[in-house]
Amino acid sequence: MYFSEYLKECREKSGLTQEQLVHALYSYDVERFEGLDTGTLSKWERNVIKPKASRQVRILKYFQQQTGVALPCWSDHSMEQTERIICETGMHNLLGKSKRLVLNFPSAMIASDDLKVYQLRNTESIEKIIAINLDLDRDFNQGYTRLDEEHFMAWALHPSNTFYVCEYQDQFFGLLFTLRLKPEVFRQVIHFEKSEDELTADDFASFDEPGSNYMVSFFAMNDKAAAILFIRYYAHLIANQDVIESVGVGTMMEDAKKLIGNMNLQPVATEQLDDGRELQMYSESLSDFIASEKVLKMIFAKQSCPEE
């Protein structure tokens, strides 16, 4: 999808003429939209020219304010359609480089279509994947989380949580695990008032109530697997944006902190550990998580993706 299509669709769904939208954008952000006229807006909508990325973000923020939705005018797209729209190259650029979380398993001969992503609870390999994840957790966190197989198994089986696994030719290639927490519980975890090993089934939000998405595990054998997993993750967030308030994650790994910074998550709380390490918690509203230049390029640049 082009941003031009999205802009026109949002304007029309808002019941605005081009002139009305020009005035609305100018009133919303005088500095950013000073000099905007209907002729320029018309060119934006016809994809003759396109607004700078910073202006695209402000346009999205305007429609967010009007609708209260993180990605307005998107309800006609299913999660599967959203996955196809998201640009894989854009996702590579958003994630950046991480030597520990994303390995460099040769990928030249692997096509993205050969990588399969599925929900862990729907497979017979759940015990094997949980064991792999536990080894990763102990390596990355050096026992700090005090999590065991029972924790991850219970979380994986709970219908509110999303435990994605990536495979290539039936071989493990990566994972991305997130919990759907009640907003107050999410706040407690982010501010070190509640530890991950204290979470119970009562702390998870159901599908019909507001919740917050908290990432607990991520690892990929190469950048293609990483991109495919995060495309599924973003598509899930967008598809469920009506009931997701915020997203967050905690880490003590420098590699992870760089990736998190690229994802527009903001540091909110820090804990100094006895061994000198620093555990950093990050969080952001879903609206601000989506409204970033890198994310918009990822969603609205499909036509220019090299792999296409």
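Let me start with one residue. Apart from its neighbours within four places in sequence, Ser212 is in contact (heavy atoms within 4.5 Å) with Leu179, Arg180, Leu181, Pro183, Phe186, Glu245 and Ser246. Ser212 lies in strand 4. With a relative accessible area of 2%, Ser212 is buried; buried means under 20% relative accessible area, exposed over 50%, and partly exposed in between, with a 1.4 Å probe and protein chains only. The side chains of Ser212 and Ser246 are joined by a polar contact of 2.8 Å. A polar contact here is a pair of N or O atoms within 3.5 Å; within protein, one must be able to donate a hydrogen and the other to accept it, and residues adjacent in sequence count only if both atoms are side-chain atoms.

A word on the source. This is a predicted model, in which local features need pLDDT of at least 70 and side-chain atom pairs count only at pLDDT 80 or more, while totals for chains, interfaces and linings use all residues. Residues are numbered from 1 along each chain as its sequence is written, and side-chain values use heavy atoms, with hydrogens and water left out.

Ser217 counts as buried at 8% relative accessibility. Its side chain makes a polar contact of 2.8 Å with the side chain of Asn133. Beyond neighbours within four places in sequence, the contacts of Ser217 include Phe152, Leu175 and Phe177.

Now the strand itself. Ten of the ten residues of strand 4 are buried, so the strand is largely enclosed by the rest of the structure. Helices (H or I, at least four residues) and strands (E, at least two) are DSSP runs, numbered from the N terminus. Two strands pair if DSSP finds at least two bridges between them. On one side, strand 4 pairs with strand 3 in the antiparallel sense over eight bridges, and Leu179 stands opposite Tyr214. Strand 4 is also joined to strand 5 (residues 244-251) by five bridges, and these two run parallel. Met215 has Val249 in strand 5 as its bridge partner. From strand 4 the chain crosses through helix 11 to strand 5, a right-handed β-α-β crossover: with the strands pointing away from the viewer, the path from the first strand over the helix to the second runs clockwise.

What caps the N-terminal end of helix 11? Asn222 does, with a side-chain oxygen 3.2 Å from the backbone nitrogen of Lys224. Helix 11 covers residues 223-239. Of its 17 residues, 15 are buried, so helix 11 is largely enclosed by the rest of the structure.

Last, the strand 6 end. Strand 5 and strand 7 pair in the antiparallel sense over six bridges, with Ser283 in strand 7 as the bridge partner of Gly248. Strand 7 (residues 278-285) is joined to strand 6 by six bridges, again antiparallel. Pro267 stands opposite Tyr282, and Glu271 has Leu279 as its bridge partner. Strands 6 and 7 form a hairpin with five residues between them, and Gly276 in the turn has a positive phi of about 95°. Six of the eight residues of strand 7 are buried, so strand 7 is largely enclosed by the rest of the structure.

Definitions and conventions. Expected span 1.5 Å × (residues − 1).
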